[in-house]
Amino acid sequence: MATRILRDLTGADEAAAAIRVRGLTRVFGDHVVLDGLDLTVAPGEFVALLGRSGSGKSTLLRILGGFDDEVSGEVLAARRRAVVFQEPRLLPWTRALGNVVLGLPGADVDRRGRAALAEVGLAGRERSWPVTLSGGEAQRVALARALVREPDLVMLDEPFGALDALTRIRMHALLQELCRRHRPAVLFVTHDVDEAILLADRVLVLTDGRLSLDVPVGLPTPRPRAHPAFAALRARLLTELGVRDLAEAAT
Amino acid sequence: MATRILRDLTGADEAAAAIRVRGLTRVFGDHVVLDGLDLTVAPGEFVALLGRSGSGKSTLLRILGGFDDEVSGEVLAARRRAVVFQEPRLLPWTRALGNVVLGLPGADVDRRGRAALAEVGLAGRERSWPVTLSGGEAQRVALARALVREPDLVMLDEPFGALDALTRIRMHALLQELCRRHRPAVLFVTHDVDEAILLADRVLVLTDGRLSLDVPVGLPTPRPRAHPAFAALRARLLTELGVRDLAEAAT
Amino acid sequence: MAPLLEDPTGKRNRARRARAVPSWARRLAGPALLLLGWFAVTGFDLVSDRAFASPGAVLDAARELWGSGELADNLGVSLYRVGWGCALGVAIGLALAVIAGFFRFGEDVVDSAMNFLRTIPVIALLPLIIVWIGIGEEAKIFLITAGVVFPIYMNTFAGIRSVDIKLVEAGRAFGLGRAGLVRRVIIPGALPGFLVGLRWSLGVAWLLLVFAEQVNTDSGIGYLLNSAQAWNRTDIMVLCLVIYGLLGLLCDGFVRLLERSLLSWRRGFSGT
Amino acid sequence: MAPLLEDPTGKRNRARRARAVPSWARRLAGPALLLLGWFAVTGFDLVSDRAFASPGAVLDAARELWGSGELADNLGVSLYRVGWGCALGVAIGLALAVIAGFFRFGEDVVDSAMNFLRTIPVIALLPLIIVWIGIGEEAKIFLITAGVVFPIYMNTFAGIRSVDIKLVEAGRAFGLGRAGLVRRVIIPGALPGFLVGLRWSLGVAWLLLVFAEQVNTDSGIGYLLNSAQAWNRTDIMVLCLVIYGLLGLLCDGFVRLLERSLLSWRRGFSGT
Amino acid sequence: ACGGGDSDPAAPASGGKAGTLRIGDQSKFLELPIALSGAGRDTPYKLNWNNFADGPHMNAAFSAGRLDVGFMGDTPVLFANAADAGVVAVAVAENRVNSQTIFASAGSGIHSLADLKGKRVAFTRGTSLHGYLLNQLDSVGLTQDDVTPVNVPAASLPATFSSGAVDAVVYVRQFGAAVTAQSAGSYEVETKPLPQYSVLLAAKDALADPARREAVRDFVLRLSRASAWPKQNPDEWIQKYYVETLKQDPVAARKYFESLPESRYTPVTAAFVDSQRTQAKLLADVGELPPSLNVDDEVDKAFTTELTAAFTTASLPT
Ligand SMILES: Nc1ncnc2c1ncn2[C@@H]1O[C@H](COP(=O)(O)OP(=O)(O)OP(=O)(O)O)[C@@H](O)[C@H]1O
Ligand SMILES: Nc1ncnc2c1ncn2[C@@H]1O[C@H](COP(=O)(O)OP(=O)(O)OP(=O)(O)O)[C@@H](O)[C@H]1O
Ligand SMILES: [Mg+2]
Ligand SMILES: [Mg+2]
């Protein structure tokens, strides 16, 4: 991973980046959610974002997506970007396939949409209305909607929260496959520390409106959970997240 | 836990129960989601329900909650029951506190509502509109709404899916505390196998419309994750859920 | 410690079974009740035949007018006017609603102007309409169009404003342009509102005939009603009212059909 | 490999700054445009002064009638009638909508009856109203009430039908009874629809004055409009139209205020 | 002094209260002279004025038993009779100058009534304008079928005329300026003066009740006295009626008023019944009235006799 080199560069000159944020502040009423946050994500880099519930992860993604403009600070993000929101946000009046190919130009859109649905395990559900999908199915349609595109930056807000263990493993593989193919930068919000370590090049922790931790993962892929560096990183992240009783949470 | 004894009884005569389901079948179009399912939950019993995405867990809970009547089979559930849906389902036109105390009778409703919000870590957010809550905050309001009641049966559909590790641990404690106090029967849907083992007296796995696995946990509380029986049960459950590569998923 | 059990699916199951009567038949209950009231009011002489004709008299009038072909002719003529008026009015109202709903500047200009114009009695503008449009079919169609535009506009605009901003964001997030956003998100989201407007305006169109058909015509259901009133032929008058009511039911049925196909994605509250 | 960057917050930030003019001022754009059109039409003699008065003539008429106190009197009288008519109509329409929206049997009976009655021209029933209610204030208020009931009913009913079934389920799941469900879920959920109906019916109420004030009155804004037509005073007539328009704007402003306080929980699409 | 017709809670649903006379009026045409002349002072019953926009609306109120007496033009009276509104004519005032007239457009080539043949003529069906047109056509041997009738609501007649859609328009003479001003070169066609009447109607059930019958009789006498007042006090009348009530221009109003001869209420005359018969036939021929309409039903002979005697006693012209 070229993470470290890239980060060194960005400090000095205008190196290529998919996200570049300086001093980003967002206030709701008198509640300062983001407080002068700095963040640079290099093209092709996979960054996981951890943080307590209500710490401002979704707020950051909304700003980067262009859905919140009452901010101060400097914000730059790749023009071609896709977002998977925390809720599936499927258009209820459009069937599953229509939701996947929403806004896609081109001729073989239908075929690509079907393929994406099949990849998330929903072949045959193309014509289902969103209301008839289960929680995890809706989440997977939303995922397919992001994966069928080829953006420079993908932002995912807890995209696997409603998935069972097996489906989750499959989705991990899918996401990694996508990254291998198109090399987009990825900003990945999750609550699962293991998942963050498994997938990301770099893990961030958002606390009190700033990134309180920003560590490269630096493990070989595939990453065995049993690897001592894995356990050490997990412990460090959990501590940062406030989970002190490691015996309880970290096996 | 008196689980085993109660289950023996229910086979024979009309022992006390919080849920009693016989031959429950639910069909959507030509998709048989529940296929002659049998389930008995004793009063005060804590049952975790696992299952693949789309296996019918939410469907079962909807039926038990009384929101789906196009079923065949015999269904009985405690009259006094509360449900935490998979989505928070907060009334958008009612502030957080109003949502928590929704439908509660009595004089000190306000105080109890505030206390419940404080317990889920949302003291001071009583007057927030649901749209201004983060994903995890909304989920916690929904949880508080269930915990503030004293039903005979609580059904929770992935209630902690959007919570970070620390908040999740706190909510576990909260739920266990509630169970100690009022001893409701609990039917708990989750995708986190560890969570199921940690909390439940009995774990069910729903596959192809039936309970393919129904095991008592039988571990002492508190339950150390390092306990060999814990790991064994986890492995068994993961296998049942189709995760074969244990090395990858189960540490 | 033993909780009270119940069958959670039971109550509603029973209710559903009791509702074996098809929906269209159940919907006749309302009109049937009205008919009963009408029989009672005229039968028990609560009102003189001069003021309100009895069902029998109205049936005779219907037979008379149907036999002579007048009724069918008048209905046909009116249908033509209503058809054109509605088609134009719906198109204009929808376009204005999209402009006002989608663009902020559109709202500034269009919405306040529409709210200003909305309360102006269009019939008071009849002299102006005649000066500009004349006294031909166009004037009648214009009058209906003008009446139809407003309910369509108001309801569709409110519908657009009620589209969940989260879905609009989702649309934007996946690269929908303005046109795409309107077509894929705004219009479908405003559809329930639009359909209320449509239902309302189909009714208004027939009502406006009463005024439109005062101008230079000797046919149409509105004309028939006006002449019957002048003559005090309460039988024909009440016949017209009944026809109006039935047209209302028909339009309602039409919009219900539309709803069933266009809003099939929706899971709204449908009563207990 | 270097992706093109942009400031995602930029575009809209700029748009927001450009919109520094307060909303009520921007909303004057529409009426201002209409005024301009009026000046043009009468100024360039596109229509004779006899058919449509010029702004100057109307201002004179306004001064004349305001000076004699007639305008204020007429407005006061009409306001009284509209006030009562709306209050009653809104209450009845709302009650009917809740009955039809909440109970299946209510829908069967009420909704079809309302759809039947809705298209019946209420003015054609004037003779009946006179027989039953007389020619006093009650008759005028009744006429307005009858006109207000329907838009309130239609929009509220549709609003109830659009309440997300998931929220109704949530209400039930937490022990809301029927009354609680209506009060806490159904009514708030139907509120956006109700407000559209309210906006519409406030307009309709003023329109109906034109008919209500044909019988036994020598005051009211509808009476003034009718008489101005009879007297061939186009300046007074156009003055009435302008007053109607302004009343429309006022009612709209009132409903906007209501919306702002009652729908503050809502995040709807609000234009680009 | 008026409005709130039935707001008196003691009034029964129909039949009225013995102590109150419920009068239907249009633009205060009865109320003003009675009030201004003082003829309404010291009545042994209360006067309850009810203002209506037009004859048909007053008809509806008569049908419903909400009025005792009321005033309208002679054409609506026929419609009231056809509608069986339960009224009879008790007094009439002959207007020797017709209140309607006919205008022709510049290029229409209409110079006399006979030239109307084959032309497009705008009027409002079922109103006095219609009756007037039929009478005028009849006077030169034409019927409605000889012209192309264009039916338009009264308020839209000037606009219809100026839009060029018609060659001629029948309109209220008083407001003729509205027509000629909008259409350059238009002019008034020379018409035949016709007998025309303002009619005071009384509800049959009011006459059937002795107390109210007495009140009606008394009221007609007062009305007859009051109807002479405008011509005797032109300045005050023009100001109060034309300027303040009808919002007309004082100069034009004076010119119009001065063109009118005096018109006084008398008991129903034979000439009135004759003119009604003629008009009824004309309207029935074009399908506006049922052919079976009997104009004699319009009059209560006994009351007319009674009233004539009272007029003689009061030395009022009959
Ligand atoms: N529109 C708003 N008005 C007021 N407060 C808001 C608004 N939107 C978000 N907040 C608050 O900002 C904080 C951050 O919210 P955000 O959604 O970014 O949290 P999050 O990190 O995504 O949390 P979670 O993991 O629970 O989804 C929360 O406390 C939330 O209540
Ligand atoms: N109204 C419906 N019409 C058709 N199919 C439906 C409907 N509701 C649910 N289903 C289907 O039934 C199956 C079970 O759905 P359910 O929501 O119970 O799954 P689940 O076990 O809760 O899954 P998840 O873990 O993803 O929430 C799914 O395949 C779903 O698509
Ligand atoms: Mg979030
Ligand atoms: Mg589910």
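In the predicted model, the magnesium ion (ligand 3) is coordinated by Ser58(A) through OG and by Gln86(A) through OE1, at 1.9 to 2.1 Å; donors are N, O and S atoms within 2.8 Å of the metal (3.2 Å for Na, K and Ca), and since water is not among the atoms, sites may look incomplete. Ser58(A) belongs to helix H2 (residues 57-65) of chain A, while Gln86(A) sits in the loop between strand E5 (81-84) and helix H3 (96-100) of chain A, so the pair ties together parts that are 28 residues apart in sequence. Helices (H or I, at least four residues) and strands (E, at least two) are DSSP runs, numbered from the N terminus. Gln86(A) is buried, with a relative accessible area of 18% (buried means under 20%, exposed over 50%, partly exposed in between; 1.4 Å probe, protein chains only).

This is a predicted model in which local features need pLDDT of at least 70 and side-chain atom pairs count only at pLDDT 80 or more, whereas totals for chains, interfaces and linings use all residues. Residues are numbered from 1 along each chain as its sequence is written, chains are lettered from A and ligands numbered from 1 in the order in which they are written, and side-chain values use heavy atoms, with hydrogens and water left out.

Ligand 1 lies between chains A and B. Its surroundings comprise 21 residues, of which Ser58(A), Thr59(A), Arg125(B), Ser134(B) and Gly136(B) are the closest (a residue is near if one of its heavy atoms lies within 4 Å). Oxygen atoms of ligand 1 are found 2.5 Å from a polar side-chain atom of Thr59(A), 3.2 Å from a polar backbone atom of Ser55(A) and 3.3 Å from a backbone N or O atom of Gly135(B). On its own, ligand 1 has 640 Å² of accessible area, 87% of which the protein covers (Shrake-Rupley method, 1.4 Å probe). Two or more shell residues each come from strand E2 (31-41) and H2 of chain A and from helix H5 (135-147) of chain B.

Ligand 2 is surrounded by residues from chains A and B, so the site is shared between chains. Among the 21 residues around ligand 2, Arg125(A), Ser134(A), Gly136(A), Ser58(B) and Thr59(B) come nearest. Polar side-chain atoms of Thr59(B) and Ser134(A) lie 2.5 Å and 2.6 Å, respectively, from an oxygen atom of ligand 2. The protein buries 87% of the 640 Å² that ligand 2 exposes when taken alone.

Definitions and conventions: Polar contact = N/O pair within 3.5 Å; in protein donor to acceptor, adjacent residues only side chain to side chain.
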